[in-house]
Amino acid sequence: MVRFVSYGLGPIGLLIASVALTRHGYELVGAIDISPSIVGRDVGQVLGLNKLMGIKVESNAETVLKNVKPDVVFHATGSYLDKVYSQISLSIVHRADVISTCETLAYPYYRYPELAAKLDKEAKEHGVSVMGLGINPGFLMDLLPSLLTAPCVKISKIEVTRSLDASNRRKSFQKKIGLGLSQEEFKKRLLSGDITCHVGFSESILLMASIIGVKLQDVTETTEPLLAKKEISIGDVQIKESHVRGIVGQGVGYLDGLDFIRLKLIAAVGEQDYEEVKIYGEPNLTWRCNTGTPGDIATAAIVVNSVQRVAEAKPGLLTVKDILPIACPVVSVKL
Ligand SMILES: NC(=O)c1ccc[n+]([C@@H]2O[C@H](COP(=O)([O-])OP(=O)(O)OC[C@H]3O[C@@H](n4cnc5c(N)ncnc54)[C@H](OP(=O)(O)O)[C@@H]3O)[C@@H](O)[C@H]2O)c1
């Protein structure tokens with residue numbers, strides 16, 4: 001039995017818990033969140049189940065972790081490791097493996113080398129493993145293109161494009177890409193950190209480089225708003241003409257002065273849903289998903305699908321490079 005605690009019950013944390021609860025052998029033993037709208041409520045209600053689970057959402061993480069001693073903590077509270085470090089460290093101290101959707105934890109050695117070293121030491125001391133994972137970073141723009149280079153004799157460039165229609169995404173995603181803001185407000189909020197847009201271009205590039213085994217000379221990131229040509233209304237968000245309908249972000253990893261890895265993310269209302277990976281080399285390869293991967297549920301699935309791999313891995317701070325390939329366990333082909 002895998003006894004898990006959900007740490008962070010926003011849309012992603014809820015999806016992770018929901019996916020885990022569909023799996024045989026998973027037991028939810030605790031729930032941590034600070035949002036006043038859910039603290040004190042039964043998790044069954046918060047998950048939208050038609051039953052009470054007898055577990056309340058609590059804001060005191062220490063009490064929950066001490067009382068229930070989980071095998072694994074599913075962590076989904078924030079994107080930046082410096083902001084969530086203490087939450088992860090506390091889980092480690094209580095001897096739980098931690099799988100987190102924190103984007104910068106997918107390859108923490110770039111932005112936070114000191115915190116990465118601390119987490120690695122703490123995890124080894126307590127005999128547990130810690131990993132940052134999700135659809136992106138964690139799969140689409142790093143692990144997947146790395147694997148696609150396997151049948152190549154040589155490679156000279158890797159291009160990954162992910163395009164998604166932001167009208168189908170969760171509210172917190174729409175907020176973080178600044179949907180509906182004026183161009184000036186978008187720039188101001190991005191600069192102040194009030195909105196983050198996509199976090200993880202550099203992490204994906206460096207994770208991919210670490211899997212391929214190449215040392216890049218430089219990594220750059222840019223994000224620009226995409227503006228509505230006419231007024232658009234999606235749900236309760238009104239986007240005025242010339243206001244932000246989404247973003248286009250790019251990350252580039254340089255080798256020998258050339259753009260060896262180029263990542264592009266388009267996330268905007270009205271865009272097509274697809275992903276494409278192009279490997280230039282011998283041979284040239286193109287992989288394309290014409291429907292796009294639904295990022296929220298895919299993040300939840302990849303987190304839950306990694307539990308066994310993380311449990312089997314050596315203790316310490318891990319990236320997807322350090323575990324056996326993650327796959328969806330199949331018990332029946334009847335969906
Ligand atoms: N790697 C990937 O592919 C991937 C994919 C999807 C999401 N993500 C990331 O995963 C994270 C979760 O996503 P989301 O959309 O669910 O975010 P969200 O809507 O911001 O939800 C986060 C939840 O955690 C709570 N929280 C914040 N700080 C906390 C703390 N110190 N202790 C306990 N709970 C705390 C929040 O409460 P308040 O609302 O009161 O702050 C909220 O309920 C985000 O950082 C997102 O960017 C990564």
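The legends below describe close-up views of a predicted model with its ligand.

**View 1. The shell of residues around the ligand.** In this predicted model, 24 residues surround the ligand, and the closest of them are Thr101, Glu103, Asn136, Arg170 and Ser172. Sorted by class, this shell comprises 8 nonpolar, 12 polar and 4 charged residues. The space that the ligand takes is the largest pocket.

View 2. Domain 1 (2–133 + 297–322) and domain 2 (143–292) each provide at least three residues of the shell around the ligand. Among the secondary-structure elements, helix H1 (11–22) and helix H7 (171–176) each supply at least two residues of that shell.

View 3. A polar atom in the side chain of Asp33 lies 2.8 Å from an oxygen atom of the ligand, and an N or O atom in the side chain of Lys176 is 3.2 Å from an oxygen atom of the ligand. Taken alone, the ligand exposes 930 Å², of which the protein buries 78%.

**View 4. The cis peptide bond between Asn136 and Pro137.** The peptide bond that leads from Asn136 to Pro137 is cis, with an omega near 5°. Pro137 belongs to the loop between strand E6 (129–132) and helix H6 (143–148).

**View 5. The cis peptide bond between Glu282 and Pro283.** Glu282 and Pro283 are likewise joined by a cis peptide bond, here with an omega of about 0°. Pro283 is found in the loop that runs between strand E13 (274–282) and strand E14 (285–289).

**View 6. The backbone at Lys69.** Although Lys69 is not a glycine, this residue has a positive phi of about 45°. Lys69 is located in the loop between helix H3 (61–68) and strand E4 (72–75).

Notes: Residues are numbered from 1 along each chain as its sequence is written. This is a predicted model: local features need pLDDT of at least 70, side-chain atom pairs count only at pLDDT 80 or more; totals for chains, interfaces and linings use all residues. Side-chain values use heavy atoms; hydrogens and water are left out. A residue is near a molecule or strand if one of its heavy atoms lies within 4 Å of it. A polar contact is a pair of N or O atoms within 3.5 Å; within protein, one must be able to donate a hydrogen and the other to accept it, and residues adjacent in sequence count only if both atoms are side-chain atoms. Accessible areas come from the Shrake-Rupley method with a 1.4 Å probe; for residues, only the protein chains shown count as cover. On a 1 Å grid over the protein atoms alone, a cavity is a set of points where a 1.4 Å probe fits but cannot get out, and a pocket is an open set with protein on both sides within 12 Å along at least five of seven lines; lining residues have an atom within 4 Å of a point. A molecule sits in a cavity or pocket if more than half of its atoms lie within 2 Å of its grid points. Helices (H or I, at least four residues) and strands (E, at least two) are DSSP runs, numbered from the N terminus. Ala, Val, Leu, Ile, Met, Phe, Trp, Tyr, Cys and Pro count as nonpolar, Asp, Glu, Lys and Arg as charged, and the others, Gly among them, as polar. Domain bounds come from an automatic or database domain assignment.
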